[in-house]
Amino acid sequence: MIKDLNLREGQEDLRIVEHLDSSSLPESVQQMISLASTPEEQDIILMATLAAASACVPNLYFAYGPTGKKYYANLQCFILAAAASGKGIANQALEMVRVIDEQYPMLIAGDSTLPAFYKAMEQQDGCGYMHESEGSVITDIWKSSAANYNTVLRKAAEHEPISRNRVKGASEIKSPRLSMLLTGTFGQYKALVPSVENGYFSRLLTVVIRGTNGFDKRYVSSKGGQSVIPKIVGQRLLRTYEALMNGGEREWSLTDAQKERLGEHLETEYGTLIGLLGDNFHSAVVRMAVQIERMAMILTAMRIQNTEYRIQTESDSELMNEKILCADEDYETAEMIGNKMLLHMAAAYRMIDGDAQDVVPEIKPLDQRKVLFDQLKPEYKLQELITEAKSQGISRATVIRWNDAWQEQGMVSKIEYGHYRKAC
């Protein structure tokens with residue numbers, strides 16, 4: 001749980017796969033993860049697989065919020081890592097998509113000018129997958145138009161219309177559905193997400209991988225040859241893609257119980273991060289609900305060849321309006337990944353806020369609010385808190401403001417005037 005996590009302890013707290021029940025993952029995901037040899041590689045290939053597979057799930061959507069806005073599966077993800085950290089394994093997910101691209105073009109080059117990017121999206125009816133493992137490529141392209149790319153990608157993440165008007169004519173992509181996986185250094189990441197207030201920060205899933213791996217002797221002892229796993233998984237995804245394309249739009253949904261559980265997460269566990277990191281992190285917390293639903297829907301789609309997830313054709317008219325409901329195991333997997341992704345994004349948030357210059361900066365300790373909050377007794381008096389804060393160089397006005405924020409977030413409750421209790 002988020003409230004049990006101490007981000008100051010490093011990469012171990014950010015690991016994703018080792019906290020999952022791998023046996024409950026779709027077979028294709030399990031096979032892709034089997035390609036990894038370290039916990040960091042496992043997390044990289046997991047998120048790369050989900051991002052790549054999200055491009056291969058056409059016509060499946062869920063309705064979100066009171067307006068019932070349609071969201072499709074498309075994930076955009078940035079793996080922020082140093083050289084020799086294992087991020088190259090993400091390219092295995094690209095091989096998976098190439099199988100589909102041979103018959104149904106969907107790849108968009110990362111080394112594209114903005115006009116070329118627009119053109120590729122238009123030719124593919126607003127859909128596509130961008131995969132770039134060399135951060136320097138996108139950085140060079142974005143030097144002159146990073147802000148424009150930022151706006152386009154932000155709109156695509158929400159399926160909002162992308163319009164342009166040039167001398168040669170106007171065009172509009174009404175409902176862009178772009179999936180993306182980029183890997184690069186902190187400097188390359190910050191070229192795209194210059195500040196925590198930038199609207200794209202909360203829409204871009206960010207995986208933070210620190211450190212480098214030791215030398216892997218497999219690279220000299222291997223008999224050679226590309227792993228066949230991505231191609232096998234790609235063939236399964238191809239069948240899923242074709243079934244979804246032929247079946248017309250179909251609604252997927254969480255069950256009522258899963259929706260209630262997700263809401264409780266946002267209200268309690270995720271609220272802790274807002275209280276500790278500040279209001280600028282609020283949008284990342286709120287939008288994680290959409291990302292969790294997307295990931296759960298992708299997991300459902302990756303089981304599509306199973307009989308319980310059979311996609312009906314238009315001739316099955318009575319069944320076409322039935323929703324596909326999320327299995328509990330897929331919701332629980334997506335929820336756990338969402339929990340961990342918020343922590344990765346919190347790490348990236350503090351990097352940006354600290355204006356670090358390293359390839360992958362040290363994860364900054366949580367600020368004084370976190371340190372002070374951890375030191376609180378189960379029950380405490382405000383004056384005791386003020387005294388302790390003063391010893392740490394924190395002003396009376398500041399600590400009172402923090403205490404009020406903790407109370408608003410439900411992290412503490414008031415027993416009586418000047419007397420408080422920490423939430424369990």
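1. Apart from its neighbours within four places in sequence, Ala 90 is in contact with Ile 44, Ala 48, Ile 79, His 131, Leu 181 and Thr 183, where contact means heavy atoms within 4.5 Å. This is a predicted model, in which local features need pLDDT of at least 70, side-chain atom pairs count only at pLDDT 80 or more, and totals for chains, interfaces and linings use all residues. Residues are numbered from 1 along each chain as its sequence is written, and side-chain values use heavy atoms, with hydrogens and water left out.

2. Ala 90 is found in the loop between strand S3 (76-81) and H3. Helices (H or I, at least four residues) and strands (E, at least two) are DSSP runs, numbered from the N terminus. Ala 90 counts as buried because its relative accessibility is 1%; buried means under 20% relative accessible area, exposed over 50%, and partly exposed in between (1.4 Å probe, protein chains only). The C-alpha atoms of Ala 90 and Leu 182 are separated by 9.0 Å, and the two residues are 92 residues apart along the chain.

3. For the protein as a whole, there are 17 helices and 14 strands. Of its 424 residues, buried residues make up 54%. Among contacts with a separation of 6 or more, 76% are between residues 24 or more positions apart.

4. Which residues of H3 are buried? They are Gln 92, Ala 93, Leu 94, Met 96, Val 97, Val 99 and Ile 100. The cover over the buried residues of H3 includes helix H1 (27-33), H2, strand S4 (107-108), strand S5 (127-132) and H9.

5. The axes of H2 and H3 come within 8 Å and cross at roughly 25°. Axes are lines fitted to C-alpha atoms, for helices over the stretch in contact, and angles run from 0 to 180 degrees between N-to-C directions. H2 is therefore roughly parallel to H3; angles under 35 degrees count as roughly parallel, over 145 as roughly antiparallel, 65 to 115 as roughly perpendicular and the rest as oblique. The crossing of these two helices, H2 and H3, is right-handed. A crossing is left-handed if the near helix is turned anticlockwise from the far one by less than a right angle, and right-handed if clockwise.

6. On the H2 side, the contact with H3 is made by Ile 45, Ala 48, Thr 49, Ala 52 and Ala 53, and on the H3 side by Gln 92, Ala 93, Met 96 and Val 97. Seven residues of this contact of H2 with H3 are nonpolar, two are polar and none is charged. In this division, Ala, Val, Leu, Ile, Met, Phe, Trp, Tyr, Cys and Pro count as nonpolar, Asp, Glu, Lys and Arg as charged, and the others, Gly among them, as polar.

7. How do H3 (residues 91-101) and H9 (residues 229-247) meet, and at what angle? Their axes come within 8 Å and cross at roughly 45°, so H3 and H9 are oblique to each other. H3 passes H9 in a right-handed crossing. H3 contributes Gln 92, Glu 95, Met 96, Val 99 and Ile 100 to the contact, while H9 contributes Pro 230, Lys 231, Val 233, Gly 234, Gln 235, Leu 237, Leu 238 and Tyr 241. The contact of H3 with H9 holds eight nonpolar, three polar and two charged residues.

8. Glu 41 belongs to helix H2 (residues 39-54). Is Glu 41 buried or exposed? Glu 41 counts as buried because its relative accessible area is 7%. A polar atom of the Glu 41 side chain lies 2.9 Å from the backbone nitrogen of Ser 37.

9. Gln 30 is placed in helix H1. With a relative accessibility of 33%, Gln 30 counts as partly exposed. Leaving aside neighbours within four places in sequence, Gln 30 is in contact with Ser 22, Ser 23 and Leu 25.

10. Two backbone angles deserve a look. Most residues other than glycine have a negative phi. Asn 59, which is not a glycine, has a positive phi of about 70°; Asn 59 lies in the loop between H2 and strand S1 (60-64) and is buried at 14% relative accessible area. His 159, also not a glycine, has a positive phi of about 60°. His 159 lies in the loop between helix H6 (146-157) and strand S6 (162-166), and is buried at 7% relative accessibility.

Definitions and conventions. Polar contact = N/O pair within 3.5 Å; in protein donor to acceptor, adjacent residues only side chain to side chain.
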